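Take a first walk through this protein model.

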Amino acid sequence: MAFHLLTETNGRIPSSLISDVISRVKCQYQVVTHQTDSMNNFIRSISDNQQEAEPFYVLDLGVAVRLLDKWNQYLPTVKPFYAVKCNPDPALLFLLASLGTNFDCASRAEIEIVLGLGVNPNRIIYANPCKMVSHIKYAASVGVNLTTFDSKDEIDKIKKWHPKCELLVRIKVDDESSWRSMGNKFGASLDEVVPLLQHAYQAGLKVTGVSFHVGTKASEAKVYRDAISAARYVFDAASELEMPEMHILNIGGGFKDSPLFDEIGRTVNDSVQEYFPNQSSSLKVIAEPGRFFAETAFTMVTNVIGKRARGRQIEYWIDDGTLGSFNLGAYDHSSMMFKPLLRNEDGEAQLSTIFGPTCNSLDIVASECKLPELKVGDVIVFYNMGAYTTSAASKFNGFNRFEMPTYLVYSTPD
């Protein structure tokens, strides 16, 4: 990989686009003038030049561009609506917006962020099945006219406060094979669908499609086929009720950049053709990926701030933890990888534990891991840190990780 600072893109995408990204968000990012041929050297250059050691992020815009290319390759007919809740980093949002990605927002604040980038409101889906009235009013006032629902009470709220809004009925699908299921909180069961459709129709609202979510990080592709089959049932039910023809199929989120994604792409494409053979030209298929674009684009750098030898194990403290950027990492270790950035790694690996900086005894970033012996001031680099990290952080104990410095690079696969 070659890493080019900020504006030098080797023709991968127009340099003017990267310049636009920087000009729009430059006040929120740290700028350095160092260029290097490796991420480790880039990180070292930043770390060595900090006035005071503090954790920071590196966002690789090149990774996000290549992931969008991959999405378009395997799901060419599925329009991505990036889930802002995953990581609302302004540079990532502006890059995706500039490349044509739309957005999934779940609150007024998220809608405001996206509109603040100059995105047209018709590129936003308000994908929260249960919304606060004040947020519904705001969506109506700014022209966000597509949302989801899964209950009669939600229909009544929308009828009163945003009657021009088009609706997608969120259905519950089989998601037990996923790392985290969604069906315990979201989605109407299929036996609830007809009464909901009738209620919306009688309220004079326009139900234009179906939405589902197979859960976070699905472990098998066939769940998408089953979910699309269930969506077909809802389309047919609406037709039997003589409602206006539905034309939107929202296949949700939960995607991850992994070998399974290729199979998921084939399954989704084949299933849409199988269950909607006569609607290929009129059906609009969308999705709500978050992790897929954000997770691997961000690298996080932390500093060792404390050390203690205890028996055969060495314990370290770093300057961020599970009440900050590692909120999700505390219970999801499937993606997080880390490595100390040492000038000399000749030391023997020893059993180690890594604690966060707070006074919470559960603030444990990693336990029973093997590390060469470190010293206070050494750097530990964490990879795949873009999904639900700073967006899920807190200010517990006064450690504010919402304002952590972020550095931008653009990598090309040389």
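The paragraphs below go from the overall build to local detail.

This is a predicted model, in which local features need pLDDT of at least 70, side-chain atom pairs count only at pLDDT 80 or more, and totals for chains, interfaces and linings use all residues. Residues are numbered from 1 along each chain as its sequence is written, and side-chain values use heavy atoms, with hydrogens and water left out.

The protein has eleven helices and 17 strands. Both are DSSP runs, numbered from the N terminus: helices are H or I with at least four residues, strands are E with at least two. Of its 414 residues, 56% are buried. Buried means under 20% relative accessible area, exposed means over 50%, and partly exposed lies in between (1.4 Å probe, protein chains only). Contacts are heavy atoms within 4.5 Å. Among contacts with a separation of 6 or more, 72% join residues 24 or more positions apart.

Now look at helix 8 (residues 190-202) and helix 9 (residues 222-240). They pack at an angle of about 30°, with axes 10 Å apart. Axes are lines fitted to C-alpha atoms over the stretch in contact, and angles run from 0 to 180 degrees between N-to-C directions. Helix 8 and helix 9 are therefore roughly parallel, a term for angles under 35 degrees. Helix 8 brings Leu190, Val193, Val194 and Leu197 to the contact; helix 9 brings Ala230, Tyr233, Val234, Ala237 and Ala238.

Finally, the cysteines. Cys359 counts as exposed because its relative accessibility is 72%. Cys369 is buried, at 11%. The whole structure has zero disulfides, meaning pairs of cysteine sulfur atoms within 2.5 Å.

Technical notes:
Parallel < 35°, antiparallel > 145°, perpendicular 65-115°, else oblique.
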